[in-house]
Amino acid sequence: MSKIDYKSHKVIKGISANSGIAIGKVVCIDNKGRKVHPNIITESEVEVHLKAFRNGRELLVQELSGMLDYLDPSSSAIIETQKQIVLDSEVERRVESIIKDELLSGDYAIYKTFCDFIERLKESGSELFRQRIVDLENLRDRFIDIICKDEQGVTIEKGTILVTKELSPTELVALHSEGLIGLVMERSGVTSHAALIAQSLEIPCIVSAKNATAKALNTTGVLDGKEGLLILDPEEELLDTYKAKLQKLKNTQKRLLKNISEPSHTKSGTEFFLSANVEFESELTQLKKYNASNIGLLRTEGLIFSNRIAFQEQIKFYESVLSSTDGWVTFRLFDVGGDKLSDKIPEEANPFLGWRGIRMLLDEKHLLETQLKALLICAGKNKGRVKILVPMISVEEEILQLKQVISELQNYLVHSGHAIDEDIALGAMIEVPSAALNAENLAKHLDFMSIGTNDLTQYTMAVDRGNEKICSLYQQYHPSLWKLIKITSEAASKTNTEITVCGELAGNVLGACGLFGLGIKNLSMISNAIPKVKEELISHSDSEFIELAESFLEASNTTQIKEIFEDWRIY
């Protein structure tokens, strides 16, 4: 697509969140958040407002349940989580307390409860949690719409490409059922729930498209998800070109699914391994479809988000995951800022560089030990299948402290009559430059290392990818990242330590090819990315991948790396 001349066209640029091509009518919506004021009620009105809250909650749950028919298991899990939030006992307690004790209206009680939670997410050191803010804002506003009987929903015509500031999962599902074929958002990131559901529904999507709502016209448009472009009012020649590419893309998708059952070997006969990143239990049913027998990253933060961190709750969750697959599962310890644990923890000036990940876990011994005990017990019942992954490692001492805690817990469990896996694999996320540069020393204490390219990019480039003003600097292909990955890969080779990559870089063809060229043959990604990555890896020889990776290392900027890859594929 880089060969096409766009100079004579009005183009809106953003970041690709899901590839694909959409041709249709462009509709622009400037969706502004709702504001609710604290209206005082009398004691005689309390029961009326409590009843309205409970009835509205029931209707909202029914509405969310009705959306599940449109979604695959991965996206269904996102909606299921929203249902859990609506039904959460803490939400109920806070809303009813505001109505009964503060004598404030039900709509405001809901607004205040959700806003308090949203503020805590904004202060979080977790990118995962911060990306979920738009979900809660929409859930809050929809809840209020229902109890106020105020229908403000957006409707569209079939074949619409929507341009908006941001969109929630529920809005996206509803619009897809009406015929949405493309999505452009000014805000949101590539890991936002709207972007993830767009991938699930196979809707071309671009995010961080600056001032898109001001530039967009209600006209015909072409959305190029791969290139991150929305072309407005295209000329006939360009339109015909994209129509041909759209047909070619449909044919390619059929071929990808056919190739999924092919052996995972390069043309040189070298085996590679593609595993899945999982956040929700219901995503597990996708593994067989994409021939993924192992889970390279199981995020556990959702247990905190859904208030399921009690020991038995964790055991139940981990066993459910293990029972749904025959392979091994890499469980990442809670990767979240301490503000999720208590309202009493003071706000940090820079939570991304603060008390999060292993830093927080080593201080919060009860939380850490509860999670480790649950994992160690499950590992004892499933020997060789449980791996423990530690987030946010920056210094060697953190690994040594954690290993001491694990050793003490293993001794305790043995004396308590529990079976354990003495050889349980321990790994560290390499997502901080200090860890990458010191990987050879860290590897001596580990069974494996997993490069988290999302945070490694953020910390290396000194850019918050959630900040729309500078998100263009969030460049996962930048030469500096490839150099850090090379250092880590060489450290793994020298120490005979297993190495994998579980960030977004592993899930796109450019990244996967470059990583293989650097000697990394174990990649973990969202399950629906496996077909396209596999097809690329089985189509080339080892020497071709090595040559590509060497070219990446010699490049001086991201644009050069993209051009190198396109030329390499053509050649």
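How many cavities of 30 Å³ or more does a search of the whole structure find? I ran the search and found one.

**Ground rules.** I am working on a predicted model, where local features need pLDDT of at least 70, side-chain atom pairs count only at pLDDT 80 or more, and totals for chains, interfaces and linings use all residues. Residues are numbered from 1 along each chain as its sequence is written, and side-chain values use heavy atoms, without hydrogens and water.

**Cavity.** A cavity is a set of points on a 1 Å grid over the protein atoms alone where a 1.4 Å probe fits but cannot get out; lining residues have an atom within 4 Å of a point. I got a volume of about 40 Å³ for the largest cavity. I listed its lining: Gly296, Trp328, Thr330, Lys387, Phe448, Glu498, Thr500 and Asn522. I sorted the lining by class into two nonpolar, four polar and two charged residues.

**Cores.** Of its 98 residues, Trp482 and Leu523 touch the most other members. Helix H15 (residues 365-381) gives the largest share, nine residues. A second, separate core has 57 residues, including Tyr108 and Met185.

**Serine 105.** I placed serine 105 in the loop between helix H3 (89-101) and helix H4 (106-122); helices are DSSP runs (H or I) of at least four residues. Serine 105 is buried at 4% relative accessible area, where buried means under 20% with a 1.4 Å probe, protein chains only. Beyond four places in sequence, I found serine 105 in contact with Asn39, Ile41, His49 and Ile99; contact means heavy atoms within 4.5 Å.

Note on methods. On a 1 Å grid over the protein atoms alone, a cavity is a set of points where a 1.4 Å probe fits but cannot get out, and a pocket is an open set with protein on both sides within 12 Å along at least five of seven lines; lining residues have an atom within 4 Å of a point. Grid points are joined across faces, edges and corners, and a volume is the space filled by probe spheres set on the points. Ala, Val, Leu, Ile, Met, Phe, Trp, Tyr, Cys and Pro count as nonpolar, Asp, Glu, Lys and Arg as charged, and the others, Gly among them, as polar. A nonpolar core is a set of buried Ala, Val, Leu, Ile, Met, Phe, Trp, Tyr and Cys residues joined through side-chain atoms within 4.5 Å. Buried means under 20% relative accessible area, exposed over 50%, partly exposed in between (1.4 Å probe, protein chains only). Helices (H or I, at least four residues) and strands (E, at least two) are DSSP runs, numbered from the N terminus.
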